[in-house]
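Have a look at it below, then read on.

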Amino acid sequence: MQLALSSSAQSHAAISRLAEDVVADRFRGIDGVAVVYVNGALRRELSVLLRAERLREFNVSVSDVVNALRAQNATAPVGRVRGALDEQSIRLVGRIESPAEFNDVVIKRTGSQFVRLGQVATVEDGFAELRTFSLRNGNPNVGLSVTRSRDASTVSVANKIRDMVAEINKTLPPGTKLEVTQDGGKDADNSLRNVIEALLFGAVLTIFVVYAFLNSWRSTLITALALPTSVIAAFIAVWLSGFTLNFMTLLGLSLAIGVLIDDAIVVRENIVRHMERGADRVTAARMGTAEIGLAVTATTFSIIAVFIPVAFMGGGAGEWFRPFALTVTSSVLVSLYISFTLDPMLSAYWGDPVGYQQQPKRGLRKWLGTFNTWFDHQANRYGNVIAWALHHRKWMTLIAVLSFAGALALQFTVGGSTFLPPTDYGTIAVDVRVPSSASLDYAKLKVEKAAELARTIAETKATNSTVNQGGGRVYVDIGKPRTRSRSSFDVAADLRKLMTQLVGAEYVVIDDMNQGVRKPVQIQFSGPDSRRLMAITGDFMEKMKAIPGAVDVGLSEQEPKDELRIELNRGLANAMGIAAGDAAQALRVAFAGVEVGDWVDPTNESRDVAVRLHPDDRVNAANIERLPIAVSGSNQMVPLDQIATVTMGKGPAQIQHLDSKRMVAVSANTQGRASGEVTADAMKLARAIDFPQGYGITLGGASRDQQEVFREMGIALVMGIALMYLVLVMQFGSFTAPLPVMLSLPLSLIGVVVALLLTKGTLNLMSFIGIIMLMGLVAKNAILLLDSARKEEAKGVEREEALMHAGRVRLRPILMTTFALIAGMMPVAIGLGEGGEFYRPMAVAIIGGTITSTLLTLLVVPTFYDSIEIARDRAFAKFRRRAARRNAFVAFVLTFVEAILALLMVRMIYRVGKRVLLRLMGRGRAAPQLAHEAPAAGHDD
């Protein structure tokens, strides 16, 4: 949390002391607060300001002053006196009590002559030199930054801080006020409230979907009980794992809300179907649950399988999403348990009586009854659609391949990628970098000029500026998104145009604070020679400015800084008994200053005592040249210019290294394009450079984070799919039956890409998590369909008829769970409220992928299953023929390799290529004969 203490009646010194001595200590006493930083405050100190001319006049060195003050301003224990029955400690009280007494300190004695501090220096009870400034709306203030401890709750600590602010404001003098400028606790609280509202709203929509299909309030209530029980159990799991009820755990529940009820829907729908056939409630509950039990278990464990690798991801993404994965996994497991225990029990003893659906209906039930009658007719027609699909395999394969290829083509040509979703936090930052040799006052002037322009924008509520030696930063508060008509990105675009009016500094506008105040695109160049490196990066920077969408292109390294170089004449200095260390110490004390002790002011507060040259003696090179340096072993002093040469030169403002080499980064903001696209274009330019030996490039910043996290998540996705395959192998008792389910997974990607494009989203961390979750959800429909078909096949029904029957029976639970999932995630996908746009891409990806995968799965999976089973039967027949003529192991290897080539579509490509080649050679008529004879050739293998 950031706070600002300002006053229209008190001086900056007064509010600085108030902040340091009173306000900061009050906040440090709050339970849960770890650190309180005070920025822009004047720090009290006793300054000993040496005059160079008087030092030369009295033949006194800087070291003499420092040593004298350290020796004569000290209080220390020196021992103890022990008696027969008691003991007293001895303490030498030598601390100087007042500033005036410092003037009388003897710093040098020559015979009977004494040189006192007041003769060579001015002693001031004042303030340390400022190295930073803090301003609010152009007025100096004192900023306070309060950070919570790691195990404390952000919301609870923020509430305590706000209460403390209210108490402190009651005690402040008139005209002085303490304001909260950035409230992370309120932002977190608003985000949590939004997620909770989305969770509750999604639950209501999900329950309505259940009622629409089952047309029974009892069935709806029985099914809906899975929601609160699963959520409560998830809270218990979160508590046992040591996590808190935070944004990610609640987000996991809000996205899982449509999944939690899936198992209960499938079980209850199957029980109702048995009751419609005439079974009593107890028999229907027992038979319905037993019939669908394995399929429901497989669907649940498929979802869990894809989230187990997410929970064990490495890096920052793993730490972030571990509570999310745990919440989803535990809640889904409990929902499975509820669907096998509470739901059947209530269905058996409290469910609708037999014949309830045939009773006269009125009102909404009558309308829903008409809908369900219409739906049953569509389910029967769907069986015929499956038959059509089975007789048009090539079309189904073409549709599947084109869908997958279209998804990839759209993503690579139109879609973009970013690390995190762009989020409107109501704050824009302007980073200001001044020339390396600029003074603090110059930096303050340039930073405040940027703040003045920011305050001319209509949406600006306030500006908070921090100034340091290298520049500073302006935080522009533009209010919450709901209070304005323009987004923060539109406001930032206008602010970026305004910044072009300013000169004398580099101004960078940061509109997305997800990654802090840093540019999302960063290319790091490394090499041994700094001059060559600067030449390479400078040329690349000019080329990068031409990339569409790249703005605020700049270098991480500033121009060389002006510096005074002191070259010691080592031979002459050694001859005079002056070591380089003696000269360096004198110069350090004179110009940087050194603390030589402390003193207690009249208010009983301890203050530092600092020694440095007077500001008037630190303005040019002449002051340095005349600085007296002590000659060891004598009372003589020599001016520095007698043993050294002072020249003006250039030195690096800062030095950055990467793998022990000099590094310079070229970074940029983005406007109008996704950061991933701009980064890709920048990397193409960088790789086209002909680097000398020893030079190279790497990604940095958010681009590197995106690459690392996407790699980790890609590994988690592959591992999740592999675990899902093993679960389905155990479910179906076959290695080939799960393959249609696996092949259906890519069909969801076309929906993901289209949904993200329609909502102007990108492929980012949140949408990637949505894709991982989607893999488990897509398999659910295929599992329900194939489980029913295989059970019919086990009874001796032909495969085509079994698939048609499965389609008629399972269409209702498939669409019920699909609509329930979409309804549960719709509030999250809408993304209303503060921070809603951050997690919106996750729900959008799931909804888009669910819609397209459901439509395609209902047609493609039966076709793939039938084709794979036919191919399996042929492979087994071919293996038996080969084994009869050859060794069984050789027959197995040949058949297995042939199957792998078929799955990889190598055999199909070979056959198509062969046919095309024959047609081009004028042997088109022979091609059908060759194709007809191919199986016979296979018999001779």
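## A positive patch on the surface

Let's start on the outside: Lys394, Arg874, Arg911, Arg915 and Arg919 come together on the surface as a patch of positive charge. For this kind of patch, residues need over 30% relative accessible area and no salt bridge, with like charges joined within 9 Å and nonpolar side chains (Val, Leu, Ile, Met, Phe, Trp, Tyr) within 5 Å. A charge is placed at NZ of Lys, CZ of Arg, CG of Asp or CD of Glu.

Which helix gives the most to the positive patch? That is helix H31, residues 906–920, with 3 residues. Helices (H or I, at least four residues) and strands (E, at least two) are DSSP runs, numbered from the N terminus. Arg915 sits in helix H31, and its relative accessible area of 43% makes Arg915 partly exposed. On this scale, buried means under 20% relative accessible area, exposed means over 50%, and partly exposed is in between (1.4 Å probe, protein chains only). The areas themselves come from the Shrake-Rupley method with a 1.4 Å probe, and for residues only the protein chains shown count as cover.

## How to read the model

Bear in mind that this is a predicted model: local features need pLDDT of at least 70, side-chain atom pairs count only at pLDDT 80 or more, and totals for chains, interfaces and linings use all residues. Residues are numbered from 1 along each chain as its sequence is written, and side-chain values use heavy atoms, with hydrogens and water left out.

## A nonpolar patch

Helix H30 (residues 888–903) gives the most here, with 9 residues. Leu901 belongs to helix H30 and counts as partly exposed, at 34% relative accessibility.

## The chain as a whole

Stepping back, the chain holds 32 helices and 27 strands. Its radius of gyration is 38 Å, whereas a compact globule of 941 residues would have one near 30 Å. That radius is taken over C-alpha atoms, and the globule rule is 2.2 Å times the number of residues to the power 0.38. Along the principal axes, the C-alpha atoms fill a box of roughly 125 × 75 × 70 Å.

Of the 941 residues, 49% count as buried. Leu5 and Leu445 are 440 residues apart along the chain, and their C-alpha atoms are separated by 21 Å.

## Salt bridges

Side chains of opposite charge can pair when their charged atoms come close. How many salt bridges does a search of the whole structure find? It finds 34, where a salt bridge is a side-chain nitrogen of Lys or Arg within 4 Å of a carboxyl oxygen of Asp or Glu. Take Glu45 and Arg612, which form a salt bridge with their closest N and O atoms 3.1 Å apart. Glu45 is in strand E3 (residues 44–50) and Arg612 in strand E21 (residues 606–613), so the pair ties together parts that are 567 residues apart in sequence. Both Glu45 and Arg612 are buried.

Next come Asp552 and Arg496, with closest N and O atoms 3.0 Å apart in their salt bridge. Asp552 lies in strand E18 (residues 550–555) and Arg496 in helix H18 (residues 488–499), so this pair links parts that are 56 residues apart in sequence. Arg496 is buried, with a relative accessible area of 9%. In the salt bridge between Lys795 and Glu792, the closest N and O atoms are 3.6 Å apart. Lys795 counts as exposed at 64% relative accessibility, whereas Glu792 counts as buried at 14%. Elsewhere, salt bridges that share partners join Arg393, Glu793, Arg799, Asp866, Glu869, Arg872 and Asp873 into one network.

## Two positive phi angles

Asn137 is not a glycine, yet its phi is positive, at about 55°. Asn137 is found in the loop between strand E9 (133–136) and strand E10 (139–140), and counts as partly exposed at 34% relative accessibility.

Asp552, from the salt bridge with Arg496, turns up again here: its phi is near 55°, a positive value in a residue other than glycine. Asp552 lies in strand E18 and is buried, with a relative accessible area of 18%.

Terms used. Lys and Arg count as positive and Asp and Glu as negative; His and the chain ends are not counted.
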